[in-house]
Amino acid sequence: MPRISDFQTKEVVNVENGKRLGHIGDLDVNLSSGKIDNLIIPGAGKIMGFFGKDEDIVVPWSNIVRIGADVILVRFYSDHDSTIKREDS
């Protein structure tokens with residue numbers, strides 16, 4: 001069974017355009033079912049982190065296309081996609 005740390009070392013890539021979204025910073029787990037609901041990718045820091053950071057990217061588990069040895073492929077259409085949302089930190 002994979003550990004959370006195994007997921008955090010993998011890079012998340014958008015299959016729609018090949019863009020690297022980053023590494024997983026956190027997982028949203030449903031405590032009732034024990035299943036992972038969302039992957040949370042932290043936003044990039046602005047100017048060495050002094051002026052805040054971008055919004056976190058929240059990817060629902062259902063949007064994962066494939067989990068490989070080094071990469072997690074997800075479907076991420078655009079910033080306005082209702083399936084994948086961004087949330088403020």
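Which side chain meets Glu 16 in a salt bridge?

What we have here is a predicted model, where local features need pLDDT of at least 70, side-chain atom pairs count only at pLDDT 80 or more, and totals for chains, interfaces and linings use all residues. Residues are numbered from 1 along each chain as its sequence is written, and side-chain values use heavy atoms, with hydrogens and water left out.

Back to the question: the partner is Arg 75, at 2.8 Å from N to O. Arg 75 sits in the loop between β7 and β8 (85-87), and Glu 16 in the loop between β1 (11-14) and β2, so the pair links parts 59 residues apart in sequence. A salt bridge here is a side-chain nitrogen of Lys or Arg within 4 Å of a carboxyl oxygen of Asp or Glu. Arg 75 is partly exposed at 31% relative accessibility, and Glu 16 is partly exposed at 40%. For those words, buried is under 20% relative accessible area, exposed is over 50%, and partly exposed lies in between, with a 1.4 Å probe and protein chains only.

The structure holds 2 salt bridges. Glu 11 and Arg 20 also meet in one, at 3.9 Å from N to O, and Arg 20 is exposed at 59%.

Now the sheet. Strands are DSSP runs of E, at least two residues, numbered from the N terminus, and two of them pair if DSSP finds at least two bridges between them. Here 4 strands form an open, mixed sheet in the order β2-β1-β7-β6. At its edges stand β2 (20-23) and β6 (64-67), each with a single partner strand, so one side of each lacks a neighbour in the sheet. β6 and β7 pair in the antiparallel sense over 3 bridges, and Arg 66 stands opposite Leu 73 in β7.

On to the core: the largest nonpolar one has 13 residues, and Val 12, Leu 21 and Val 74 are among those with the most contacts inside it. By nonpolar core I mean buried Ala, Val, Leu, Ile, Met, Phe, Trp, Tyr and Cys residues joined through side-chain atoms within 4.5 Å. The elements giving two or more residues to this core are β4 (36-41), β5 (56-60) and β7 (71-74).
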